[in-house]
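Reader: I have just opened my structure and would like to learn how its labels are given. Could you take me through some of them?

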Amino acid sequence: MGQHIALISAVHEELAEILQLMPDERKVVVGGRTFWTGHLQGHEVVAVLSGIGKVAAAATTTVLCERFEPQQVIFTGVAGGLALGVEVGDIVVATAVAQHDLDASPLFPRWEVPGYGVSRFQADLALTQVLHAAAKDAVTWLPKLLDEAVLRGLGLHTPSVHQGEVVTGDRFVATEAECAALRAALPEALAVDMESAAVAQVCHDYGVPFGAVRTISDRADDEAHVDFQHFLQQVARHYSGRIVRKALNLL
């Protein structure tokens, strides 16, 4: 008997790739969100598009936990690379997540979530290990999925899988100055996104194990806006489908 697993994506292309893998998906609309229920790799699955940003992600995850009661939540999406050596086409599996734009000081230390006494939410260890193995599998397939012109055009090297901290905020980090400031303030952060920490906080509230896997679409610097849509179409959606399929096989 499989588990009941929720799959959240921030962008349509990735969700579409997951839905193609589900043979019996059924649409349920709740709170303005469309949830797709069905089965995948022997598990009962619910998939949803979170929307972009912390509020959208938190609202989606709350409805998800209330209505569908998943046993595990997996977020798959794209992110900007922060740490040196985290390159476009790499995959980052989150071990912990924090909100880089949360600052309630002097009432609370910078980054600490008021009422929780912590600044970071930990990803589930077992789920993180599964996502790491699935990501390692996915990167070996990249050259087979893409033609040479696409690989060259996007500047993709031999992709790597990283495991570590991901930081979240309600802005698209797109300048070298912002990137450098985040690196200086949060030196452990490998990547930056707009949803993971919000999803993790809600999962913490509901006691649901959480994991996040992020494909690096840009370096969060002055070139961050270049060919974003092209990257989603050509790379991220392939990664997402393959990682999810492999991860569910391992769970």
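This is a predicted model: local features need pLDDT of at least 70, side-chain atom pairs count only at pLDDT 80 or more; totals for chains, interfaces and linings use all residues.

Reader: What makes Phe-35 and Phe-68 a tilted pair?

Author: Rings of Phe, Tyr and Trp (its six-membered ring) pair if their centres lie within 6.5 Å; planes under 30 degrees apart are stacked, over 60 edge-to-face and the rest tilted. Here the centres are 4.8 Å apart and the planes are at 35°, so the pair is tilted.

Reader: Why is the pair of Tyr-116 and Phe-121 called edge-to-face?

Author: Their planes are 85° apart, with 5.4 Å from centre to centre, and an angle over 60 degrees counts as edge-to-face.

Reader: How do you know whether Tyr-116 is buried or exposed, or in between?

Author: Buried means under 20% relative accessible area, exposed over 50%, and partly exposed in between (1.4 Å probe, protein chains only). Tyr-116 has 28%, so this residue is partly exposed. Phe-121 has 5%, so Phe-121 is buried.

Reader: And why is Gln-201 called buried?

Author: Its relative accessible area is 17%, which is under 20%, so the label buried applies.

Definitions and conventions: Residues are numbered from 1 along each chain as its sequence is written. Side-chain values use heavy atoms; hydrogens and water are left out.
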